[in-house]
Amino acid sequence: MSRVGNAINISDLRAAAKRRLPRMVFDYIDGGAEDEYTLRGSVERFADYGWQWNSLVDSSQIDTSCTVFGQTIAQPFFISPTAASRLFHPRKGELAVAAAAQKAGIAYSVSTLGSQTLEDIAGVAPDVPKFIQLYVWKDRGIVRDFMARAKEAGYTGCILTVDATVAGQRERDPRNGFSVPPKINRKTATQALAKPGYLLDMLTSSKIGPANFEQVDTGGRDVMGVINELFDPTMSWKDLDWFINEWGGPFAVKGLSTAEDARRTVDSGASTVWVSNHGGRQIDTSVPVIDLLPEIREAVGAGVEIIADGGVRRGAHVLKLIARGANSVALGRAYLFGLAAGGEVGVTRALDILAADVRRGLALLGVNRVADLDGRLLRQLR
């Protein structure tokens, strides 16, 4: 835990996670599709935008809050849905993340493939906004039941991920023999035995699987296999109305990259556009999200909520995405590294690091409110 407490930045938490996890599990967090150009480029592209700043501004009253799905949260970032968090922290997984979100006053999004139930997650984060994420299952009855349970448990927003009807080619997973849940065999035994603390947690915890869909058997497949077997590749725009109407509340479409699709999403009745490249895990060599935001903002107008994610490792990255047109930013790997390194304490450390970055960044920029940040102080260098 001392390594977690002493972490100065997200890279430190990544290093701590790598020390704790077997290679196959760490690579599932850390890896991307094909040659991983998108994975690396999402992070590196932030350095191609440079700040200017306002001088002689009283920075004693900084407001880091923002709204997500119409609800106020304490920071301009929140928890993005990520599958099977108990893989990274077998004892608690999503419950550790949700408890940290509750403490930080930020929203939590649960993945369709979460490894804790909707109800248990809601129980540890009763006071913050909570959202569910959907994929397009072949069985719509499963989706309908999931939505009904979420409403009953107090979830107020729904996110439809549309960039994973088929799985990207995530080459680290098959190379490592990774599956959900992980299986110990000749290929993976050496990796597991090299991390005895993690192995003990796995052996003394309940089986990891899609906790909200006990009727679904993942069959020990890798994540790409689960997606290709269970999700519907025939999904099209004509199906979006069904999801929006079935939910009947704030609704985001996640995984958009063109102005045309963003405009069509709003015209279909969704409240929120979510610009994402799925953490570099789907289409390799995709355009970085920070480059896409201005044209998407122009297409949907000032009044439509835009969420962005991709490559965020520092508070400055959060602020740059907002300056380019996002209203809020979703975190993925940044909190997962903390979770893997130290459970709830690690997630809290990740969120604290980013919150301090954001507050400091606003003060240095001479901007007192996140809501006042725009592209006038940001210049593209390359």
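1. Let's start with terms. On a 1 Å grid over the protein atoms alone, a pocket is an open set of points with protein on both sides within 12 Å along at least five of seven lines, whereas a cavity is a set where a 1.4 Å probe fits but cannot get out; a lining residue has an atom within 4 Å of a point. Points are joined across faces, edges and corners, and a volume is the space filled by probe spheres set on them.

2. Some ground rules: this is a predicted model, where local features need pLDDT of at least 70 and side-chain atom pairs count only at pLDDT 80 or more, while totals for chains, interfaces and linings use all residues. Residues are numbered from 1 along each chain as its sequence is written, and side-chain values use heavy atoms, with hydrogens and water left out.

3. Now the largest pocket. Its volume is about 490 Å³. There are 20 lining residues, and Val162, Asp163, Gly255, Leu256 and Asp261 lie nearest the centre. Two or more lining residues come from each of α12, β8 and α14 (289-300), and β8 gives the largest share, with three. (Helices are DSSP runs of H or I with at least four residues, strands are E runs of at least two, and both are numbered from the N terminus.)

4. The whole structure has four cavities of 30 Å³ or more, and the largest cavity holds about 520 Å³. Of the 36 residues lining that largest cavity, Pro81, Thr82, His278, Gly279 and Arg281 are the closest to its centre. At least two lining residues each come from α3 (23-30), α4 (37-44), α11, β11 (328-331) and α16 (333-365).

5. On to ring pairs. Rings of Phe, Tyr and Trp (its six-membered ring) pair if their centres lie within 6.5 Å; planes under 30 degrees apart are stacked, over 60 edge-to-face, and the rest tilted. That gives eight aromatic pairs. Phe146 and Phe213 make a tilted one, because their planes sit at 45°, with centres 5.0 Å apart. This pair links distant parts of the chain, 67 residues apart: Phe146 is in helix α7 (140-152) and Phe213 in the loop between α10 (196-203) and α11 (223-230). Phe146 is buried, at 2% relative accessible area, and Phe213 is buried at 2% too. (Buried means under 20%, exposed over 50%, partly exposed in between, using a 1.4 Å probe and protein chains only.)

6. Trp242 and Phe243 pair edge-to-face, because their planes are at 85°, with centres 5.0 Å apart. Trp242 is partly exposed at 22%, whereas Phe243 is buried at 0%.

7. Finally, helix α12 (237-247). Its buried residues are Asp239, Leu240, Phe243, Ile244 and Trp247. Among the elements covering the buried residues are β6 (130-134), α7, β7 (157-161) and β8 (251-256), where contact means heavy atoms within 4.5 Å. After α12 comes Gly248, with a positive phi near 70°.
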